[in-house]
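Look through the structure before reading on.

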Amino acid sequence: MHTPYSDGEAYHDEIATAASRAGIDAVIVTDHNVHVRGLEGYQHGVLVLVGEEVHNPRRRPQASHCLIYGAEVEMAPYAAHPQNLIRQVSECGGIAYLAHPVEFASGISLENEDFSWKDWPLQGFTGIEIWNVMSEFKARLWNWPAAVFFALFPSLAMRGPFPGALRLWDSLHAEGRRVAAVGNSDAHGTHFGIGALKLTVLPYEYLFRCVNTHLLIEKPLTRDFETDKRLLLNALRVGRGFVGCDMAGDTRGFRFVASNGVDRAEMGDELRRTGMIRYKVTCPRAASIRLLCNGKLMAQASGDSLDFQSLEMGAWRVEVYRRWRGRRIGWIFSNPIYAR
Ligand SMILES: [Zn+2]
């Protein structure tokens, strides 16, 4: 999400207020090419962290935005060379996620607004953003009537991660890599005027109720800033959690675990395959559950749980879909458990 330090409308404490109203525990503000210092802390009961979204402003065409969490220093000077940027981030103990790696320009702007990740090959990043609500919204603005329609009914623009983003994720897993996922609002709070129609499209609080990254942390938040920051970044570093579209139903309570009979694994863990591995999925309510290994569908179920055993090695992950407002929507996307 963004503030007036780059191209957003609300400052950190207003964002904290919006997050608090939406029931969010923590936010990470990532302004474009500026690491804003001195604004982290608990505000209005919300843990506010500051990261950065780095891109090379001289690149033509524009592309390749990188989300940086926990690096603590300005990373924009390294923007020109993405691989070097990623190396610098990890040397500072930070975490890099590729923002909206698969994007589509809207049909209503003359500028090319496809900010996909274009700098491949790339090593050493923690993960990718599989679902970005702003990107998805933008992609649905095929023409002006569609833009007006979705500006008035933004929830109808939400369907799920782009299939291309999921294919990219799976193809990276198929190379044997660990690649985690986050889902983000990318909130800007931008005001638009279309003739007499003036509105704020996708305000912060609204977006905070759409798609969120849910993290499983080692213990409950303590309200001590430094402790809680570490708990959060530790979970982000390994992808211990899932992406949930909470607007389509509260996703809290979703679990995906595996066991090889000796050890037990959570999302983000690796598990040694000594024999059959048993995978268990639990959903907070009945839905359509798909279990995949390196992108290949291995099992599916309708209901609130799935139980499956396999010898197959690879990155196992779960997708859950449900019906909401008359259509099928992507509801939960787990991080992988890696069977090695
Ligand atoms: Zn971006």
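The domain assignment, which is automatic or taken from a database, gives domain 1 (12-248) and domain 2 (255-327). The model is predicted: local features need pLDDT of at least 70, side-chain atom pairs count only at pLDDT 80 or more, and totals for chains, interfaces and linings use all residues. Residues are numbered from 1 along each chain as its sequence is written.

**Where the domains meet**

- The C-alpha centres of domain 1 and domain 2 are 25 Å apart.
- In domain 1, 14 residues are in contact with ten residues of domain 2; contact means that the C-beta atoms, placed from the backbone, lie within 7 Å.
- On the side of domain 1 that touches domain 2, α5 (163-174) and β11 (241-245) are the elements that give two or more residues.
- Helices (H or I, at least four residues) and strands (E, at least two) are DSSP runs, numbered from the N terminus.
- The most comes from α5, with four residues.

**Helix α1**

- Helix α1 spans residues 12-21, and its buried residues are His-12, Ile-15, Ala-16, Ala-18 and Ala-19.
- These residues lie on the same side of α1, because they cover an arc of only 165° around the axis, taken from the directions from the helix axis to the C-beta atoms.
- A residue is buried if 20 or more other C-beta atoms lie within 10 Å of its own, exposed if 12 or fewer, and partly exposed in between, with C-beta atoms placed from the backbone.
- The buried residues of α1 pack against β1 (26-32), β2 (41-43), β3 (46-54) and α6 (204-208).
- After α1 comes Gly-23, with a positive phi near 80°.

Methods
Contact = placed C-beta atoms within 7 Å.
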